[in-house]
Amino acid sequence: MTKSSSRRALIWFRGDLRLDDNPALNFANDIGYELLPVYVHAPHEEGEWAPGGASRWWLHHSLDSLATSIESSGGKLLVRKSESTLHELRELIEVHQISAVFWNRRYELSFRERDEEIKKSLTALGLEVKSFNSHLLWEPWEVSTGESKPYQVFTPFWNKVSSFDAPPLARSPDKKVKWLAPLTASCDMTELKLLPELPWARSFPDHFRPGEEGARESLDKFVAVAAASYQSARDIPAQAGTSRLSPHLHFGEISVRRVWHEVQELLSKTRETKVRESLKTYLKEIAWREFAYHLLFHFPQTSNQPLRDAFRNFPWEESPEQLRAWQQGRTGYPIVDAGLRELWTTGYMHNRVRMIVASFLVKDLRISWLEGAKWFWDTLVDADLASNTLGWQWAGGCGADAAPYFRVFNPTLQGEKFDTDGDYVKRWIPELKNLPDKWIHKPWDAPPLVLSAAGVQLGKDYPHPIVDHKQARDAALAAFSKMKSYAKI
DNA sequence: TGAAATGTTGGGGCG
DNA sequence: ACGCCCCAACATTTC
């Protein structure tokens, strides 16, 4: 190798699409390397959980945004499409006389297996190879019970991490980054074919701004406006009571350490009890994300298999028509349909409503949580294997710290409790907008005169309920208790 | 990060 | 004035 080559490092971006508080980048920059920023598109290496449609839309714009930031600081993001990431990296290393490769860790099994191979192979070639934690506050293997086992219940997990020292502070690069100009052509973003062919995502930009700036904007807005009332507002789907940072965190456009410390700082300056409780509740939600990664790391099979063995042979219903009705938001239960329509239109669904629609799929329709997980995977801009798996197994009652099988959400009561005036339902189901609040969550009970005055003919303008909740609940309880009795034998 | 069924209590109507 | 019944309102248990 030539002398100059010893100062060149390749920064491999993947799920950490930011320049702020990027440990791999900071490390290389501190040492004084010239940096070649690379993104390799090889979705087949992610197996069956390669990014879904909504995630690909986000990824397209997020990469665009990263490329722009790098360009405005004098560099160029090298985007490559490849059948083999290892092969691609080796070629780039050769062409650019690279001596070190740095990246930030990912925790999904397909990444871990592939990255280990890459690390082994590049190390064998004599390169300096290092991976870093950019994605989590606590590495999954750093948190364990008194018996040195992984946690399966959130509260003790939370107690444990609460006893730890504060996670490292976030930091931006100390000195100006020396970008290395690529000698290889970058492929055009459109070649990655990340955008949907049909105009499905056309209104996503009205609701989200992918990229590091958009992430920063969301955090600033949350800290300034919504954080103070988070505790009560977060459960009201008609309100903008949540941070909506999930897709930004998933793609690593903002550092979770940055989020954590800014909320902590606000907490330390706040005396008012209500606000303090809100901020603490938000930090706890951030810890749920950590818990999800902890679980997926230690129980990687749970993305496809129930964590609890008793559910291994649970007789889920095969009902393509009902699954379709659920996906398309025509179950006849307004709060459920509103959620699924919000999802389809915006690539997002309010968390309270995620729980309601999940309970409906798994308990009322008794369709497998995996079907729900797959649909969310394809349609959510924040689809994340750790959080999605935890969420669906929680709803299905088959996972860690899961809702007990007998906990069945009543979609009408949930609607009345969390969407009292029906604002959320009316926003996403305009055909019901003239229905009085009293009936908005149970149009099937509305007197015929009220329905006709509101311009609603059930079965025509809006569907009849596809199942009777009371009957469905009883059937679910019967099926689950049967499973329980088998499980004992 | 439920809801329904069942149990208990206490005020008020009424003979 | 007293006992009885009804039934909210709330608490507890069960699914």
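Just after helix H4 (109-124) of the predicted model, Gly126 adopts a positive phi of about 90°; helices (H or I, at least four residues) and strands (E, at least two) are here DSSP runs numbered from the N terminus. H4 itself has 16 residues and reaches 23 Å from its first C-alpha to its last, close to the 22 Å expected at 1.5 Å a residue, where the expected span is 1.5 Å times one less than the number of residues. Asp115, Ile118 and Leu122 are buried in H4, a residue being buried if 20 or more other C-beta atoms lie within 10 Å of its own, exposed if 12 or fewer, and partly exposed in between, with C-beta atoms placed from the backbone. These three residues cover an arc of only 60° around the axis, which puts them on the same side of H4; the arc is that of the directions from the helix axis to the C-beta atoms. An α-helix has 3.6 residues a turn, so residues three or four places apart point the same way. On the other side of H4, Glu116, Glu117, Lys120, Thr123 and Ala124 are exposed. The buried residues of H4 pack against H3, E4 and strand E5 (128-132), contact between two residues requiring that their C-beta atoms, placed from the backbone, lie within 7 Å.

Residues are numbered from 1 along each chain as its sequence is written, while chains are lettered from A and ligands numbered from 1 in the order in which they are written. Because this is a predicted model, local features need pLDDT of at least 70 and side-chain atom pairs count only at pLDDT 80 or more, whereas totals for chains, interfaces and linings use all residues.

Thr85, Leu89, Leu92, Ile93 and His96 are the buried residues of H3, and they cover an arc of only 100° around the axis, which puts them on the same side of the helix. The face of H3 turned away from this buried side carries the exposed residues Glu94 and Val95. The cover over the buried residues of H3 includes strand E1 (8-13), strand E2 (34-41), strand E4 (100-104) and H4. Gln97, in the loop between H3 and E4, has a positive phi of about 55° although it is not a glycine, and with 15 C-beta neighbours inside 10 Å it counts as partly exposed.

A positive phi of about 50° is also found at Lys193, again not a glycine, in the loop between helix H5 (154-162) and helix H6 (212-226); with 12 C-beta neighbours inside 10 Å, Lys193 counts as exposed. His441, by contrast, is buried, with 25 other C-beta atoms within 10 Å, and is found in the loop between helix H18 (437-440) and helix H19 (448-453). The residues that His441 touches, not counting those up to four places away in sequence, are Pro334, Ile335, Thr412, Gly415, Glu416, Gly422 and Val425. The C-alpha atoms of His441 and Glu416, 25 residues apart along the chain, are separated by 6.7 Å.

The residues around DNA strand B are Trp288, Met355, Ala403, Phe406, Arg407, Val408, Phe409, Asn410, Leu413 and Gln414, a residue being near a molecule or strand if its C-beta atom, placed from the backbone, lies within 6 Å of it.
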